[in-house]
Amino acid sequence: MAAWGERLAGVRGVLLDISGVLYDGGEDGGTPIPGSVEAVARLKRSQLKVRFCTNDSQKSRRELVGLLQRQGFDISEGEVTSPAPATSLILKERGLRPHLLIHDGVRSEFDQIDTSNPNCVVIADAGEGFSYQNMNKAFRVLMDLEKPVLISLGKGRYYKETSGLMLDVGAYMKALEYACGIEAEVVGKPSPEYFQSALKEMGVEAHEAIMIGDDIVGDVGGAQRCGMRALQVRTGKFRPSDEQHPEVKADGYVDNLAEAVDLLLQHAIK
């Protein structure tokens with residue numbers, strides 16, 4: 001690999017994943033990853049622009065930001081790109097009335113959406129809500145539509161909480177795709193439109209931005225396909241095999257967010 005100075009040259013903006021990079025979630029609210037609170041504070045004090053880009057679909061943006069603030073993070077709602085508000089906007093723009101297979105924690109993001117006589121299905125990380133009955137109901141709604149529309153808030157395979165690895169929405173999305181013979185529309189990483197909306201909010205071009213995440217496919221691969229650089233942290237869902245992934249190679253691997261920020265402050269800012 002090229003030297004860090006060469007790999008990080010010209011970076012003006014940093015996109016940060018949240019789960020697995022800032023903190024590991026859990027039933028008790030989770031715990032910050034060591035060094036991450038101060039790492040975010042150091043980034044905020046620098047000349048670099050910072051935005052948070054998450055696929056979390058179990059909490060509203062307000063609830064997620066409140067949780068992180070209580071853990072000591074310098075973060076506000078306006079700095080977070082998350083899939084539920086983006087999906088709500090898409091539904092309004094296209095006149096879609098969703099059948100919602102989502103977690104109760106994110107339901108408030110869809111309060112202003114008409115859900116009568118559904119003409120699409122929206123699926124998110126419903127957690128315990130992914131029962132056979134609920135999956136079958138979503139399947140039936142889709143099969144009854146002449147042109148079925150399935151919208152998925154992200155398509156992650158799994159994520160990490162303090163209790164261990166947790167199955168994510170992607171597995172259930174794939175089940176509905178297979179059963180119905182359709183392809184879901186993904187709102188969230190690794191969707192190019194999702195990254196581009198975050199870049200637009202941050203006010204930097206793709207070649208001037210770097211993504212820091214724990215997901216080799218969703219974070220690293222998705223960002224690189226948009227023309228960004230990407231670092232993978234060895235926290236959260238990271239697996240040692242990620243460094244030998246057959247299709248995606250990060251621009252660098254770091255032990256944690258603190259190390260990534262050390263390198264950025266040393267090499268990106270001249």
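This report describes selected helices, a strand hairpin and the nonpolar cores of a predicted model.

## Nonpolar cores

The largest nonpolar core has 32 residues. Within this core, the residues with the most contacts are Leu16, Ile18, Leu22, Phe52, Ile212, Leu257 and Leu264. At least two residues of the core come from each of β1 (13–16), α2 (36–45), β4 (49–53), α3, β12 (209–213), β13 (229–233) and α9 (257–267). Helix α9 gives the largest share, 5 residues.

Apart from its neighbours within four places in sequence, Phe52 is in contact with Leu16, Ile18, Leu22, Val40, Lys44, Asp74, Ile75, Glu79, Val80 and Thr81. There is also a second, separate core of 20 residues, whose members include Ala198, Val204, Ala206 and Val248.

## Helix α8

Helix α8 spans residues 216–225 and is largely enclosed by the rest of the structure, because 7 of its 10 residues are buried. The buried residues are Ile216, Gly218, Asp219, Val220, Gly221, Gly222 and Ala223. Among the elements that cover the buried residues of α8 are α7, β12, β13 and β14 (252–254).

At its start, the backbone nitrogen of Val217 lies within 2.9 Å of a side-chain oxygen of Asp215. Just after the helix, Gly227 has a positive phi of about 95°.

## Helix α4

Helix α4 consists of 12 residues, 83–94. From its first C-alpha to its last, α4 reaches 16 Å, close to the 16 Å expected at 1.5 Å a residue. Gly95 follows α4 and has a positive phi, near 65°.

The buried residues of α4 are Pro83, Ala84, Pro85, Thr87, Ser88 and Leu91. An α-helix has 3.6 residues a turn, so residues three or four places apart point the same way. The cover over the buried residues of α4 includes the helices α3 (61–70) and α7 (192–202). It also includes the strands β6 (98–101), β7 (120–123), β8 (150–153) and β11 (185–187).

## The β9–β10 hairpin

Strands β9 (residues 158–161) and β10 (residues 164–167) run antiparallel and are joined by 4 bridges. The two strands form a hairpin, with 2 residues between them. Glu161 has Gly164, in β10, as its bridge partner.

Note on methods: Residues numbered from 1 in each chain as written. Predicted model: local features only at pLDDT ≥ 70, side-chain atom pairs only at ≥ 80, totals over all residues. Heavy atoms only, no water. Pairing = 2+ DSSP bridges. Expected span 1.5 Å × (residues − 1). Buried < 20%, exposed > 50% of the residue type's maximum accessible area, 1.4 Å probe, protein only. Contact = heavy atoms within 4.5 Å. Core = buried A, V, L, I, M, F, W, Y, C linked by side-chain atoms within 4.5 Å. Polar contact = N/O pair within 3.5 Å; in protein donor to acceptor, adjacent residues only side chain to side chain.
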